[in-house]
Amino acid sequence: MESIAIYIIYAVINFGDVIITQEFKPISFKSQEQCEAYLHLNSEPINLSLQDHFKKLGKPKSQVLQVGCVDKMQFVWKET
């Protein structure tokens with residue numbers, strides 16, 4: 001039986017004192033193409049949402065370094 005990939009949106013964020021990678025929101029896609037199309041159509045609202053989140057956290061100078069799509073099975077937390 002073939003496994004079905006599920007793609008998620010992730011963001012790499014520089015909070016000034018730490019850089020994190022996290023799942024952007026609980027939304028998933030059946031293909032990378034669908035995920036990338038969503039990102040293309042919603043890039044401005046995504047960035048505005050992240051900036052609002054940074055302000056609420058008291059980290060208004062935080063920066064989004066990268067937003068992308070990845071197979072959820074490849075999105076693994078590793079401590080370094």
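Two residues are in contact here when they have heavy atoms within 4.5 Å. With that in hand, let us walk through this predicted model. Among contacts between residues at least 6 apart in sequence, 58% join residues that are at least 24 apart.

**Overall layout**

The protein holds 1 helix and 3 strands, and along the sequence these elements follow the order β-β-α-β. Taken along the principal axes, the C-alpha atoms fill a box of roughly 45 × 35 × 15 Å. Of the 80 residues in the protein, 28% are buried. A few whole-protein values are gathered here.

| Property | Value |
|---|---|
| Positive side chains | 8 |
| Negative side chains | 9 |
| Separation of the centres of the two charge sets | 9 Å |

**The nonpolar cores**

In soluble globular proteins, nonpolar side chains tend to be buried together. Which residues have the most contacts inside the largest nonpolar core? They are I9, I13, C35 and L50, in a core of 13 residues. Strand β1 (7-14), strand β2 and helix α1 (32-56) each supply at least two residues of this core. Helix α1 gives the most, with 5 residues. There is also a second, separate core of 5 residues, and I8, V12, V70 and F75 are included in it.

Is E23 buried, partly exposed or exposed? E23 counts as partly exposed because its relative accessible area is 27%, and that class lies between the buried limit of under 20% and the exposed limit of over 50%. Although E23 and I9 are 14 residues apart along the chain, their C-alpha atoms are separated by 5.9 Å.

Which residues does E23 contact, leaving aside its neighbours within four places in sequence? They are I8, I9, Y10, K72 and F75. Several of these names have come up already: I9 is listed among the residues with the most contacts inside the largest core, while I8 and F75 belong to the second core.

Definitions and conventions:
Residues are numbered from 1 along each chain as its sequence is written. This is a predicted model: local features need pLDDT of at least 70, side-chain atom pairs count only at pLDDT 80 or more; totals for chains, interfaces and linings use all residues. Side-chain values use heavy atoms; hydrogens and water are left out. Helices (H or I, at least four residues) and strands (E, at least two) are DSSP runs, numbered from the N terminus. Buried means under 20% relative accessible area, exposed over 50%, partly exposed in between (1.4 Å probe, protein chains only). Lys and Arg count as positive and Asp and Glu as negative; His and the chain ends are not counted. The place of a charge is taken as NZ of Lys, CZ of Arg, CG of Asp or CD of Glu. A nonpolar core is a set of buried Ala, Val, Leu, Ile, Met, Phe, Trp, Tyr and Cys residues joined through side-chain atoms within 4.5 Å.
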